[in-house]
Amino acid sequence: MKKSSSEKRRHVVAWITKAEWDQVLDYLYSKDPALQRFALNRVSAWKARYAHSTPVAVDCTAELVRCQVLERSGQLGGDELVLLYGTALVRFVNLITERKQGMKAQPLRRLAGRLNIPEWVVDLRHAFTHRKLPTLRWCRKGCRVALDWLQQEYWSRQLGGGAEEDWEAQSDGEEEEDAERRRQEELMSRQKEMEAYKAARDLLVSYEEERFKTLDGAQEEPPPFADLSWLLEEIKQASLESSQLLVEVLLEDGFLVPTAQQLETLGCEPPESSGSSEPRIPPVFLRFWLPLLRMLHSPSFIHLLLEKLLLELKLLSSGQNERRLFFVCAWTSEVILCNSNKFQFRFEKKMQKKARMKERIYVNRIQLRWQQLLSACLEAPCVYTPHLLQVILDDMEHPLPQETQQKLLQLCSIYTQTSSTELRPPKEQQQQPVYTLESLQQRGPLRSSSERSEAPGDPRGAEALAEKAKLLRGSPWQVCFDKVQWKNFPLGKVPGQQDDPSCLMAETYSAMAVSEQPMELEGSRKQAAPGASGLTRTAEGLLWTQSDVSRLKSGLKLF
């Protein structure tokens with residue numbers, strides 16, 4: 001059943017009855033301050049019920065009447081009254097004319113003329129906001145004119161049926177006009193966003209084209225810094241306008257996440273063939289984007305990039321796109337590792353580390369939001385989460401207790417079905433070289449011979465050899481893959497070893513006096529008797545005195 005026009009216009013009001021409305025109207029325009037105060041209290045109750053939907057005319061009327069009540073009370077001086085009147089008149093002109101503003105700003109005088117507001121009232125408003133304050137006499141006159149206009153244009157229209165229909169029709173038309181204006185503004189906003197997105201994408205495509213041009217006719221990787229200053233400057237300007245939009249475009253496929261064709265052009269192996277649990281950006285691909293990332297580097301950009309990377313990782317945690325998942329994790333790891341003070345990568349030699357230092361996205365350490373990074377990493381479980389978690393824990397400004405770190409890593413490996421042998425030992429143990437069996441055991445758990453098989457054709461043996469080789473990387477020791485009958489060699493000798501002990505010296509070593517070692521001899525606890533020298537015979541046999549031990553220790557060196 002179709003609703004009538006009167007039902008469509010029906011709406012909820014703040015006053016209880018029509019009698020209350022009439023009473024408030026009469027009291028507002030009364031000359032008695034007590035009655036005006038009563039009306040103002042009722043309007044305050046209406047505003048509490050309306051919340052933010054109080055009619056503009058009711059609000060303006062109450063503010064202007066309040067000025068008259070406070071002046072009649074005699075509690076305020078002339079200057080205070082001028083400021084009070086000025087605030088009420090400025091709000092009256094602004095709020096009444098605001099509903100008539102279209103998409104393009106129009107002068108207030110023109111809008112006030114359409115609403116039959118005297119032009120000198122608008123001039124009075126300009127004087128309050130831009131020029132010398134008017135006198136109190138002009139303020140009173142402006143208040144009276146504004147109250148008369150409100151009574152004629154709003155309050156009187158609510159008394160009769162025809163006038164009420166005209167007012168509501170006008171209000172409905174204004175609401176439709178406001179809705180249309182909002183739709184146009186939203187449409188223009190979306191259009192501007194699309195234009196900015198297209199411009200940012202075109203700039204990044206141009207950057208890729210310039211970088212790929214260096215590969216034409218050559219098999220070498222692109223130089224790290226080609227003549228791209230003009231293009232980089234435009235990208236930097238786009239970043240200043242909307243860095244969030246630029247980061248979102250960078251993380252699309254074809255940019256920081258390369259396509260299979262781009263990897264093939266750069267000579268990089270696809271991540272699916274690596275099979276590593278520690279994603280790393282291929283050096284060629286890193287140098288490809290290095291000029292752009294260095295130019296965009298700033299603390300705010302790094303924070304935003306990490307935030308978007310981890311958010312993308314959370315969306316990709318299901319593992320549907322392996323290549324995208326790999327590069328999102330790899331870029332996250334790369335950015336965090338660049339923030340490390342020592343910037344040490346495992347299993348890299350000294351020259352490799354120096355070369356790697358030249359390829360850092362940024363040099364100076366910044367204060368990352370470690371708790372947010374840790375929470376975001378744990379909320380995005382995938383096969384690479386243990387690695388990212390280890391990177392974050394290693395470089396935190398205020399690290400968690402070691403036991404807590406190990407528990408987090410173990411829980412993460414259980415949840416992601418990652419082998420616990422792939423987890424790193426603590427950072428202080430990583431930096432210690434492997435020279436003895438004890439230090440090797442500290443680097444990671446070693447399985448006994450009953451738990452492993454090292455037969456050449458046994459996959460478990462190959463896994464054990466790979467495990468040991470991984471633990472020994474970066475140390476002077478290497479895993480022997482030759483078939484050696486160790487029972488034919490005495491303890492402490494290896495095949496091909498010379499009798500000269502110098503052949504066992506490591507390439508890099510440091511000398512240390514024995515006196516610097518924390519040695520504790522059983523006999524040194526007993527002090528020699530005063531005046532005794534040389535050896536002391538006891539029930540346990542000959543014992544060294546403290547002075548003898550000191551002389552021996554001062555002459556020995558450890559390598």
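Arg201 is partly exposed, because its relative accessibility is 30%, and buried would mean under 20%. The model shown here is predicted. Arg201 pairs with Glu252 in a salt bridge, and the closest N and O atoms are 2.6 Å apart. Arg201 sits in helix α9 (residues 161–213). Glu252 sits in the loop between α11 (243–250) and α12 (260–266).

How many salt bridges does the structure hold? The count is 16.

Take Lys47 and Asp59 next. Their side chains meet in a salt bridge, with 3.3 Å from N to O. Lys47 belongs to helix α3 (residues 33–50), while Asp59 belongs to helix α4. The pair links distant parts of the chain, 12 residues apart. Is Asp59 buried or exposed? Asp59 counts as buried, because its relative accessibility is 14%. Lys47 has 34% and counts as partly exposed. Salt bridges that share partners join Lys47, Asp59, Glu63 and Arg91 into one network.

Now stay with helix α4, which spans residues 56–73. Thr61 is found in this helix. Thr61 counts as buried, because its relative accessibility is 0%. What does the side chain of Thr61 reach? It reaches the backbone oxygen of Ala57, at 2.7 Å.

Helix α4 also holds Glu71, which is linked to helix α8. Glu71 forms a salt bridge with Arg140, and the closest N and O atoms are 2.5 Å apart. Arg140 is partly exposed, with a relative accessible area of 34%.

Arg144 has its place in helix α8. At 46% relative accessibility, Arg144 counts as partly exposed.

Key: Residues are numbered from 1 along each chain as its sequence is written. This is a predicted model: local features need pLDDT of at least 70, side-chain atom pairs count only at pLDDT 80 or more; totals for chains, interfaces and linings use all residues. Side-chain values use heavy atoms; hydrogens and water are left out. Helices (H or I, at least four residues) and strands (E, at least two) are DSSP runs, numbered from the N terminus. Buried means under 20% relative accessible area, exposed over 50%, partly exposed in between (1.4 Å probe, protein chains only). A polar contact is a pair of N or O atoms within 3.5 Å; within protein, one must be able to donate a hydrogen and the other to accept it, and residues adjacent in sequence count only if both atoms are side-chain atoms. A salt bridge is a side-chain nitrogen of Lys or Arg within 4 Å of a carboxyl oxygen of Asp or Glu.
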